[in-house]
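Here is a friendly briefing to read alongside your protein. Have the sequence and the 3D view open as you go.

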Amino acid sequence: MSAPTIHRATARFEASETLRAHLQRVLVALVDLHVQGKQAHWNVTGRGFRDLHLQLDDVVDAAREHSDTVAERMRALQVVPDGRTETVATTTDLSPYPAGLVSVGDTVDAIVERLAQTVEVVREVHDGVDAEDPTSADILHEIIADLEKQAWFLSSENREA
């Protein structure tokens, strides 16, 4: 009896080093946004706490879901995503989140700033991604639209008519 034949499918498309780097940068920003959003969620304090506490979960969920989508796209392109703590800590484009308790107003400002920083990363890599892989660029469009909506919702907390 002979050994069974092992079939090895080959991918039709493999990301270039540039595409890999662009998607990795987006992944890191999203993972960091997720973690910073949870830090904000746990440590927000003051008038309006409960509503913001719950709203931050929407930001966290969006960042987590988008990071998963980006990581899975990377795997589809034969790229190994790296979301390890040390990688995120040393390569993130996001400002560090303040330690300790943070007021509602300052939390809104801090998370809106991090949403803007994440969107900036996505916009910076977009054209390079689109040139090589329009499908990945479509994912980036969804991320931009969603995170900009989250920023609008949150920033409205600190605005007056």
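The points below cover the fold, the overall surface and charge, and one histidine.

This is a predicted model, in which local features need pLDDT of at least 70 and side-chain atom pairs count only at pLDDT 80 or more, while totals for chains, interfaces and linings use all residues. Residues are numbered from 1 along each chain as its sequence is written, and side-chain values use heavy atoms, leaving out hydrogens and water.

**Fold**
- The protein has five helices and two strands, taken as DSSP runs (H or I of at least four residues for helices, E of at least two for strands) numbered from the N terminus.
- Their order along the sequence is α-β-α-α-β-α-α.
- The C-alpha trace spans about 75 × 35 × 25 Å along its principal axes.
- Of the contacts (heavy atoms within 4.5 Å) with a separation of 6 or more, 80% join residues 24 or more positions apart.

**Surface and charge**
- Of the 161 residues, 42% are buried, meaning under 20% relative accessible area with a 1.4 Å probe and protein chains only.
- Carbon and sulfur atoms hold 51% of the accessible surface of about 9,300 Å², computed by the Shrake-Rupley method with a 1.4 Å probe.
- There are 15 positive side chains and 28 negative ones, counting Lys and Arg against Asp and Glu, without His or the chain ends.
- The centres of the two charge sets lie 4 Å apart, with each charge placed at NZ of Lys, CZ of Arg, CG of Asp or CD of Glu.

**A look at His66**
- His66 sits in helix H2, which covers residues 49-76.
- His66 counts as buried because its relative accessibility is 13%.
- Beyond its neighbours within four places in sequence, His66 is in contact with Leu30, Glu142, Ile143, Asp146 and Leu147.

Notes:
Buried < 20%, exposed > 50% of the residue type's maximum accessible area, 1.4 Å probe, protein only.
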